[in-house]
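Visitor: Please walk me through this model, beginning with the terms.

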Amino acid sequence: MKQNCSIGSLAQALNVHHRTLRIYDKQGILTPTRKKGGRYYTLNDFDKAKFIQFLTKNLALNLVGVKIILAMVEKKNIGFKNSIDYVNELANAININDEIQKNNIAKTSKRGRKKLK
């Protein structure tokens, strides 16, 4: 991924719909730099987005929970690259192990999708 990329490039790199990134922006959890040509994301934004994906998929947190965890990580000055390991250690300490996380991923991957007949 480039140093600064568009919403489409970031969405593709994360394998999410660009609408997801717009929701994150609207909720104030992933705010891009705005320039004349649109929204641009940095490498730090990419790391933060990967962390948000971990929180929403593996731990099945809603966006309010994500905001709380992001605030904690930022207050403790834990970089977003290290934050997945840090929060994963906390999750394992309270018995949210890999199996539970796999089940969460399976459940959350079906959210918002229409069933085909």
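Guide: The model is predicted: local features need pLDDT of at least 70, side-chain atom pairs count only at pLDDT 80 or more, and totals for chains, interfaces and linings use all residues. Residues are numbered from 1 along each chain as its sequence is written, and side-chain values use heavy atoms, without hydrogens and water.

Visitor: How is H1 oriented to H3?
Guide: The two pack at an angle of about 45°, with axes 11 Å apart; axes are lines fitted to C-alpha atoms over the stretch in contact, and angles run from 0 to 180 degrees between N-to-C directions. Angles under 35 degrees count as roughly parallel, over 145 as roughly antiparallel, 65 to 115 as roughly perpendicular and the rest as oblique. H1 is therefore oblique to H3.

Visitor: What kind of aromatic pair do Phe-51 and Phe-80 form?
Guide: Rings of Phe, Tyr and Trp (its six-membered ring) pair if their centres lie within 6.5 Å; planes under 30 degrees apart count as stacked, over 60 as edge-to-face and the rest as tilted. Here the centres are 6.3 Å apart and the planes 40° apart, so the pair is tilted.

Visitor: How many residues apart in sequence are the parts that this pair ties together?
Guide: Phe-51 lies in helix H3 and Phe-80 in helix H5 (residues 80-93). The separation is therefore 29 residues.

Technical notes
Helix = DSSP H or I, 4+ residues; strand = E, 2+ residues; numbered from the N terminus.
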